[in-house]
Amino acid sequence: MIGFAYPFLLWLIFLPFFSFFMLPPIKSALGSAMLVPFISDIENIKNRVGRRGYNITGNSFFKSIKFLYLFIIWCLLVISIARPQFVGEPYRLKTENRDIMLVIDISTSMLQPDFSTNRQRIDRLTAVKLVVGDFIEKRTEDKIGLVLFGTRAYLQAPLTFDKVAVKEILYNTDAGMAGNSTSIGDALGTALKNLKDGENKQNKVIILLSDGESNDGSLSMAEAISMAEKEGIKIYTIGVGSEAGFMGGLLGASGNTFDEKSLKELANKTKGNYFKASDLSSLQKIYQKIDELEPIDNEGSVVQEKRDLFYIPLIGALILALLLLFLPRSVLK
């Protein structure tokens with residue numbers, strides 16, 4: 001479909017008619033008649049006009065080829081400044097729905113082989129890679145960031161649309177790379193800072209996964225909870241491990257103390273949810289549930305493709321103007 005960016009300028013096409021009919025003729029400083037110093041010159045002018053049958057009256061002026069030629073050039077110039085455009089079909093953009101920061105425990109306790117798949121025992125971190133990798137793959141319109149933590153917390157991937165890169169980092173992670181202990185507070189602080197600095201001011205989510213209690217780091221669990229509550233960022237927490245590890249501080253099969261109470265408190269105070277994953281199936285259902293709890297609003301702004309075509313009439317006007325230099329004068333009389 002062809003449209004104009006400034007259609008009101010098309011009224012300028014009638015400007016020559018307006019100026020001819022509405023404006024008074026221009027008079028010279030010595031009067032309305034042109035003073036010719038020699039009578040013989042006047043006679044010659046009369047003879048030439050008589051021979052060619054041309055006089056400057058309204059009808060002959062508007063019927064002349066010259067007027068039509070110049071009027072066509074004028075129309076092309078007016079059409080050009082009105083900015084003709086090709087306008088495509090309207091298309092609704094999908095919005096950047098959520099900023100999701102994945103915070104994953106990679107302490108040595110994640111090596112505990114209390115998960116299974118295809119009747120084979122796998123460790124917790126391998127199970128997490130399988131499930132979280134699939135979760136990342138499905139986030140087509142979300143930005144994903146990744147924080148890995150053990151004794152220290154590291155921002156491995158800032159918020160990005162590059163899902164392939166985030167998955168690659170996660171798959172190449174080994175338990176114990178960040179230390180043997182667990183510093184949940186520092187990991188949360190790192191995630192909160194990255195989300196706070198992001199462009200998206202709404203729909204920010206942290207998904208924290210751990211199999212132990214916060215027993216290291218400069219930021220305590222209480223301080224992290226207070227900070228998260230102040231920022232107003234929703235946090236979902238996931239406790240990972242066998243059922244023995246969910247007994248409120250009892251020693252699990254791996255020998256690590258699991259702090260389920262703090263994870264629940266963190267989720268509740270940030271209006272999130274707490275989940276526990278004791279096997280691969282429950283872990284998969286948790287991430288599906290999180291996806292349902294954070295509905296995606298795909299209704300974004302409507303855009304249309306627009307391509308400027310002003311250069312076409314402009315080139316036409318320039319070509320016709322250049323032809324004036326080569327056409328015989330008799331043609332334009």
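Reply: In this predicted model, a hairpin of three residues joins β6 to β7, where strands are DSSP runs of E with at least two residues, helices are runs of H or I with at least four, and both are numbered from the N terminus. Local features need pLDDT of at least 70, side-chain atom pairs count only at pLDDT 80 or more, and totals for chains, interfaces and linings use all residues. Residues are numbered from 1 along each chain as its sequence is written, and side-chain values use heavy atoms, with hydrogens and water left out.

Me: In β7, which residue is the bridge partner of L148?

Reply: Strands count as paired if DSSP finds at least two bridges between them. β6 and β7 (residues 153-160) pair in the antiparallel sense over five bridges. Within β7, the partner of L148 is Y154.

Me: How many bridges join β3 to β6?

Reply: These two strands run parallel, and D105 has F149 in β6 as its bridge partner. The number of bridges joining β3 to β6 is seven.

Me: How many residues of β6 are buried?

Reply: Buried means under 20% relative accessible area, exposed over 50%, and partly exposed in between, with a 1.4 Å probe and protein chains only. Both faces are covered, with K143, G145, V147 and F149 buried on one side and I144, L146 and L148 on the other. The count of buried residues in β6 is therefore, by the under 20% criterion, seven of seven.
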